[in-house]
Amino acid sequence: MDFLFRDELVHMPDLRHRLRQLRWFRMAFRKNAALIAEHYGYQFAIDETRLTKAFLNWVETVEQQKSFAQVDRKDFIIFAAGLVLKELITIGPATLRSHPKQSDSQLTEMQEIIAFWPEGFLYTNYCVGAIAAICEQEFGTAPKIDACADDLRTWWSYRENVREIPDQAIAFLDKFLGAEPNWIMPNLASARSAIQRALVSPKPSATLPNG
């Protein structure tokens, strides 16, 4: 998986806040689909009603846990994107309309992954690109993509697990970005390792004046 979509988003000012507006969220999602069509040949039909529902569900869920953004903002950005991914996979606003005609012997490893689960790749690429662009804007660097994101066997496990437990999408996104997944309670910010470490780390004490 690459950062094609990050390159499209990174120059959008105040991206983190803009993507919490429905108009920008939908525009960015359509741009991501257009990029995948351009680079890989997969064309998608987008159901705007379902996309709006996924957005509204996500905003409601994030609002309930947004206080943890003050604990570890970088980790919360990844977590919030995981919640988006879960909603997209669950609601399914995209439908594959056409795909490139290639023989199996011509497929690269990434093309095999897209062919295996086109919609899942579309949703995941959207979230990974958004995370990368936001982190680059706010922290100067994007998280690295783990090698497992280019492994078809991981994607087999990913698709099967989220079919049974949609919240697992959050844990798999963590895995793809080299973060520590919480497979037991992936939908709780308070249960994330980075958040827990930040909560227990000692705060610097104020220096007392002499005398």
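Buried means under 20% relative accessible area, exposed means over 50%, and partly exposed lies in between, with a 1.4 Å probe and protein chains only. His 99 has 46% relative accessibility, so His 99 counts as partly exposed. This is a predicted model: local features need pLDDT of at least 70, side-chain atom pairs count only at pLDDT 80 or more, and totals for chains, interfaces and linings use all residues. Residues are numbered from 1 along each chain as its sequence is written, and side-chain values use heavy atoms, leaving out hydrogens and water.

His 99 sits in the loop between strand 2 (94–98) and helix 6. Helices (H or I, at least four residues) and strands (E, at least two) are DSSP runs, numbered from the N terminus. His 99 and Ala 37 are 62 residues apart in sequence. In space, their C-alpha atoms are 8.6 Å apart.

## Salt bridges between helices

The structure holds 12 salt bridges. A salt bridge here is a side-chain nitrogen of Lys or Arg within 4 Å of a carboxyl oxygen of Asp or Glu. One of them joins Arg 16 and Glu 138, with the closest N and O atoms 2.5 Å apart. Arg 16 lies in helix 2 (residues 15–18) and Glu 138 in helix 7 (residues 118–139), so the pair ties together parts that are 122 residues apart in sequence. Arg 16 is partly exposed, at a relative accessible area of 28%. Glu 138 is also partly exposed, at 26%.

Another salt bridge brings together the side chains of Arg 30 and Glu 48, at 3.1 Å from N to O. This pair links distant parts of the chain, 18 residues apart. Arg 30 belongs to helix 3 (residues 22–40) and Glu 48 to helix 4 (residues 48–65). Arg 30 has 38% relative accessibility and counts as partly exposed. Glu 48 is partly exposed, with a relative accessible area of 26%.

Asp 167 and Lys 86 meet through their side chains in a salt bridge, 3.1 Å from N to O. Asp 167 lies in the loop between helix 8 (152–164) and helix 9, and Lys 86 in helix 5 (residues 73–91), so the pair ties together parts that are 81 residues apart in sequence. Is Asp 167 buried or exposed? Asp 167 is buried, because its relative accessible area is 17%. Lys 86, at 22% relative accessibility, counts as partly exposed. Salt bridges that share partners also join Arg 16, Arg 73 and Glu 138 into one network.

Arg 26 is found in helix 3. Arg 26 is partly exposed, with a relative accessible area of 27%. Arg 26 and Asp 167 are 141 residues apart in sequence and 22 Å apart in space, C-alpha to C-alpha.

## Helix packing

Two packed helices are described by the angle between their axes and the distance between the axes. Axes are lines fitted to C-alpha atoms, for helices over the stretch in contact, and angles run from 0 to 180 degrees between N-to-C directions. Angles under 35 degrees count as roughly parallel, over 145 as roughly antiparallel, 65 to 115 as roughly perpendicular and the rest as oblique. A crossing is left-handed if the near helix is turned anticlockwise from the far one by less than a right angle, and right-handed if clockwise.

The axes of helix 3 and helix 7 come within 10 Å and cross at roughly 120 degrees. Helix 3 and helix 7 are therefore oblique to each other. Their crossing is right-handed. Helix 5 and helix 7 pack at about 160 degrees, with axes 9 Å apart. Helix 5 is therefore roughly antiparallel to helix 7, and this crossing is right-handed. Helix 6 (residues 109–116) packs with helix 8 at an angle of about 15 degrees, their axes 10 Å apart. That makes helix 6 roughly parallel to helix 8. Helix 6 passes helix 8 in a right-handed crossing.

## A nonpolar surface patch

Trp 183, Ile 184, Met 185 and Leu 188 make a nonpolar surface patch of about 400 Å². Patches are made of residues with over 30% relative accessible area and no salt bridge; like charges are joined within 9 Å, and nonpolar side chains (Val, Leu, Ile, Met, Phe, Trp, Tyr) within 5 Å. Accessible areas come from the Shrake-Rupley method with a 1.4 Å probe, and for residues only the protein chains shown count as cover.

Leu 188 is found in the loop between helix 9 (168–176) and helix 10 (193–200). Leu 188 counts as partly exposed, at 34% relative accessibility.
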